[in-house]
Amino acid sequence: MSQSRNKVRIIGGEFRRRMLPFPDAAGLRPTPDRVRETLFNWLGQDLYGKSCLDLFAGSGALGFEAASRNARRVVMVEKSRLVCESLQANRQLLKAEALEVVGGDALLYLKNARERFDVVFVDPPYDSELLQQVLPRLAELLSDDGVAYVEARQWPDALPAGLTLLRRDKAGMVHYGLLGRATQGA
């Protein structure tokens, strides 16, 4: 099995430099180091007290990075049983108590979510319609000052009502940005 070459490196915080294995799975590609570095410069290096949701957790790069940076709570949602087991194993390896791994469909999780988050990571498989399905529901997931990180092969043509673009960039083929709640009357 090629699992030995499938590793993601945590780039900041308590778990900095730790290498975490992840299994081969269709559409699974960790957010590149350079993109994560920019993201956490935008978010601030310390997420102390913040609650985070990693909606399509995959390798766990974003969720583990948030936990490494003192997030109070990180919920990672992953549909693949094999990938979910890997996330659980890495959570135990790091003794990351703030992390909760939820096995299941991200859209179903969204439909039933009652909690609001300070940071929501949205990095679905590129060759899917999942981003278009999630975007209209993002605003209701965010706390008042919450932000959503979105990563995609192609940036959405338009954002749904309730969301506003805060920052955006591109690295190679990766388009990414931060969205916030649109303020009332803006």
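Hi everyone. A quick definition before we start: a residue is called buried under 20% relative accessible area, exposed over 50%, and partly exposed in between. Please keep in mind that this is a predicted model.

Is Asn-70 buried, partly exposed or exposed? Its relative accessibility is 38%, so Asn-70 counts as partly exposed. Its backbone deserves a look too: phi of Asn-70 is near 75 degrees, a positive value in a residue other than glycine. For background, most residues other than glycine have a negative phi.

Lys-95 also has a positive phi, of about 55 degrees, although it is not a glycine. You'll find Lys-95 in the loop between α3, residues 81-94, and β5, residues 99-103. Here the relative accessibility is 64%, so Lys-95 counts as exposed.

Now, on to the inside. The largest nonpolar core has 38 residues, and Leu-43 and Phe-121 are those with the most contacts within it. Which elements give two or more residues to this core? They are the helices α1 (33-43), α2 and α3, along with the strands β4, β5, β6 (117-122), β7 (142-152) and β9 (174-181). Apart from that core lies another one, of 27 residues, with Leu-53, Phe-56, Leu-138 and Leu-141 among them.

Let me stay with Phe-121 for a moment. Setting aside neighbours within four places in sequence, Phe-121 is in contact with a list of residues including Leu-39, Phe-40, Leu-43, Leu-62, Ala-66 and Tyr-149. Leu-53 and Phe-56 are also among the contacts of Phe-121.

Phe-56 brings us to the pockets. About 430 Å³ of space lies in the largest one. There are 29 residues in its lining, and Leu-28, Phe-56, Gly-58, Glu-78 and Pro-125 lie nearest the centre. The elements giving two or more residues to that lining are α2, β4 and α4, residues 106-112. By class, the lining of the largest pocket divides into 16 nonpolar, seven polar and six charged residues.

The second largest pocket has a volume of about 190 Å³. Its lining has 14 residues, with Tyr-126, Ser-128, Gln-132, Ala-152 and Gln-154 nearest the centre. Two or more residues of this lining come from each of α5 (130-141) and β7, and α5 gives the largest share, three residues. The classes here are eight nonpolar, three polar and three charged.

Note on methods. Residues are numbered from 1 along each chain as its sequence is written. This is a predicted model: local features need pLDDT of at least 70, side-chain atom pairs count only at pLDDT 80 or more; totals for chains, interfaces and linings use all residues. Side-chain values use heavy atoms; hydrogens and water are left out. Buried means under 20% relative accessible area, exposed over 50%, partly exposed in between (1.4 Å probe, protein chains only). Helices (H or I, at least four residues) and strands (E, at least two) are DSSP runs, numbered from the N terminus. A nonpolar core is a set of buried Ala, Val, Leu, Ile, Met, Phe, Trp, Tyr and Cys residues joined through side-chain atoms within 4.5 Å. Contact means heavy atoms within 4.5 Å. On a 1 Å grid over the protein atoms alone, a cavity is a set of points where a 1.4 Å probe fits but cannot get out, and a pocket is an open set with protein on both sides within 12 Å along at least five of seven lines; lining residues have an atom within 4 Å of a point. Grid points are joined across faces, edges and corners, and a volume is the space filled by probe spheres set on the points. Ala, Val, Leu, Ile, Met, Phe, Trp, Tyr, Cys and Pro count as nonpolar, Asp, Glu, Lys and Arg as charged, and the others, Gly among them, as polar.
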